[in-house]
Structures are given as structure tokens and as C-alpha cells.
Amino acid sequence: MAKVLVKESGFKKIYEQSKTKMKNNLEVEGSLNFEDTNFYNALGSVDIKQMKYRKNGDLELYVTDVYDFNKNDNNPMVRAGRRLQDRGEIKPYFIVYHVIIPKKEIRNIR
């Protein structure tokens with residue numbers, strides 16, 4: 001996931017807007033919609049949590065997502081999933097990815 005994130009425009013925007021905060025040892029958060037087809041189909045929209053620089057200069061963060069089917073989505077596939085979810089045949093759940101972007105890869109976030 002780290003290799004994909006450094007190419008995502010939404011992630012680049014969050015990173016660029018947050019560099020100063022992270023240099024001051026503050027954690028940052030944000031949200032993005034994946035452009036990468038595989039991650040878009042698997043996760044769609046995600047939240048970035050606790051993004052910060054590690055002592056060695058690596059970038060550490062958590063990517064979180066709730067697997068559920070949104071009530072008012074117009075996509076027929078989402079609506080079908082929502083019906084199953086409402087009947088209790090599909091259970092929503094939470095996904096957390098721990099991501100570390102090595103210091104040498106951070107320069108690719110531009």
C-alpha cells in the first residue's frame with residue numbers, strides 16, 4: 001500500500017498540507033478516495049490516521065476503512081450490498097492498515 005499511496009493525488013495533498021505539523025511532532029489525519037483501480041475497488045474512500053514522522057525519518061500512518069454499504073448510494077452494486085446488510089446477511093467491519101513509507105520513498109510524494 002505504501003507504494004500506491006505515494007502516487008495518489010489525495011495522499012500527496014494531505015502530505016503537502018501536513019509537513020509542517022509533522023515536523024513539529026504532531027500527528028495528522030485526512031481522507032482520500034483511491035485512484036488506483038485495485039485499491040479503489042477494494043476500499044474506495046479511506047481515512048488516514050495518526051500520520052507522523054518516525055525518529056528515523058520514515059513516515060508512519062494508519063489507513064482505515066469501514067466495510068459497509070452506504071444507505072443513499074446510487075451505485076446498483078452498493079444498493080444490492082445494502083439490502084443484504086439490512087437483512088443481516090453481510091456484517092459491516094472495520095479495517096486498519098499500518099503503513100510505513102521509508103524515508104527514501106518520501107521524496108516520491110510530490
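**Close-up 1. The salt bridge between E16 and K19 in helix α2 of the predicted model**. E16 is joined to K19 by a salt bridge (a side-chain nitrogen of Lys or Arg within 4 Å of a carboxyl oxygen of Asp or Glu), and the closest N and O atoms of E16 and K19 are 3.0 Å apart. Both residues belong to helix α2 (residues 9-23), where they stand 3 residues apart, about one turn of the helix; helices here are DSSP runs of H or I with at least four residues, strands are runs of E with at least two, and both are numbered from the N terminus. E16 has a relative accessibility of 37% and therefore counts as partly exposed, and K19, at 23%, is also partly exposed, given that buried means under 20% relative accessible area, exposed over 50% and partly exposed in between (1.4 Å probe, protein chains only).

**Close-up 2. The salt bridges of D86 with R82 and of R87 with E89**. The search of the whole structure finds 6 salt bridges. In one of them, D86 pairs with R82, the closest N and O atoms being 3.0 Å apart; these two residues are separated by about one helical turn, because they lie 4 residues apart in helix α4 (residues 76-86). D86 is exposed, with a relative accessible area of 55%. R87 forms a salt bridge with E89, with 2.9 Å between the closest N and O atoms, and both R87 and E89 are exposed.

**Close-up 3. A positive surface patch that includes K3**. K3, K7, K104 and R107 form this patch. Patches are made of residues with over 30% relative accessible area and no salt bridge, like charges being joined within 9 Å and nonpolar side chains (Val, Leu, Ile, Met, Phe, Trp, Tyr) within 5 Å. K3 is placed in helix α1 (residues 2-5) and, with a relative accessibility of 69%, counts as exposed.

**Close-up 4. A nonpolar surface patch that includes F94**. V66, F94 and V96 make up this patch and together have about 280 Å² of accessible area, a value from the Shrake-Rupley method with a 1.4 Å probe. F94 lies in strand β4 (residues 93-101) and is exposed, at 54% relative accessibility.

Residues are numbered from 1 along each chain as its sequence is written, and side-chain values use heavy atoms, with hydrogens and water left out. Because the model is predicted, local features need pLDDT of at least 70 and side-chain atom pairs count only at pLDDT 80 or more, whereas totals for chains, interfaces and linings use all residues.

Technical notes: Lys and Arg count as positive and Asp and Glu as negative; His and the chain ends are not counted. The place of a charge is taken as NZ of Lys, CZ of Arg, CG of Asp or CD of Glu.
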